[in-house]
Amino acid sequence: MPRITYHQPGGSSQTVELETPAPIMQTALRNGVPGIVGECGGQAMCATCHVYVRNEYLDQLPEKSEEEEEMLEEAAAELDEERSRLGCQITIGENLDEIAVDIPERQV
Ligand code: FES
């Protein structure tokens with residue numbers, strides 16, 4: 001079953017299994033994973049779903065759109081050119097079945 005592991009800044013982590021494909025942001029909200037806000041509802045317009053993708057999954061990610069690149073510049077926490085992504089723009093359970101992300105210290 002597809003799954004997403006969320007690592008918190010304090011060191012704890014939570015793995016969520018997906019019944020159907022879903023983005024990292026929406027899955028966090030539905031399962032009460034703290035640290036992801038998703039203010040704009042997944043429109044790539046707020047950057048409060050910023051996550052750092054763990055290195056072992058980087059080469060499987062879809063390319064960033066121009067909108068995603070621009071929004072990431074607005075993220076509250078430090079930008080990591082390679083690992084920073086918007087959680088609403090990456091769907092798990094389609095081309096990518098598993099991912100692990102680090103949640104930033106802050107989203108606003
Ligand atoms: S939820 Fe707003 S950019 Fe992802």
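## Arg83, a buried loop residue

Arg83 has a relative accessible area of 18%, so it is buried (under 20% relative accessible area; over 50% is exposed and in between is partly exposed, with a 1.4 Å probe and protein chains only). Its place is the loop that links helix 2 (66-72) to strand 5 (84-86); helices here are DSSP runs of H or I with at least four residues, strands are E runs of at least two, and both are numbered from the N terminus.

Who surrounds this arginine? If neighbours within four places in sequence are set aside, Arg83 is in contact with Val51, Tyr52, Val53, Arg54, Asn55, Leu58 and Asp102. Contact means heavy atoms within 4.5 Å.

## About the model

Please keep in mind that this is a predicted model, in which local features need pLDDT of at least 70 and side-chain atom pairs count only at pLDDT 80 or more, while totals for chains, interfaces and linings use all residues. Residues are numbered from 1 along each chain as its sequence is written, and side-chain values use heavy atoms, with hydrogens and water left out.

## The overall fold

Let's step back to the whole chain. The protein chain has two helices and seven strands, and from the N terminus the order is β-β-β-α-β-α-β-β-β. Its radius of gyration is 12 Å, close to the 13 Å that the globule rule gives for 108 residues, so the protein chain is as compact as a globular protein of that length (the radius is taken over C-alpha atoms, and the rule is 2.2 Å times the number of residues to the power 0.38).

Along the principal axes, the C-alpha atoms fill a box of roughly 35 × 30 × 25 Å. Of the 108 residues, 47% count as buried. Among contacts with a separation of 6 or more, 62% come from residues 24 or more positions apart.

## Tyr6 in strand 1

Tyr6 sits in strand 1 (residues 3-7) and, at 0% relative accessibility, counts as buried. Beyond its neighbours within four places in sequence, the contacts of Tyr6 include Ser12, Gln14, Val16, Ile24, Val33, Ile36, Val101 and Ile103.

A polar atom of the Tyr6 side chain lies 2.8 Å from the backbone oxygen of Ile24. Tyr6 and Ala77, in turn, are 71 residues apart in sequence and 17 Å apart in space, C-alpha to C-alpha.

Methods:
A polar contact is a pair of N or O atoms within 3.5 Å; within protein, one must be able to donate a hydrogen and the other to accept it, and residues adjacent in sequence count only if both atoms are side-chain atoms.
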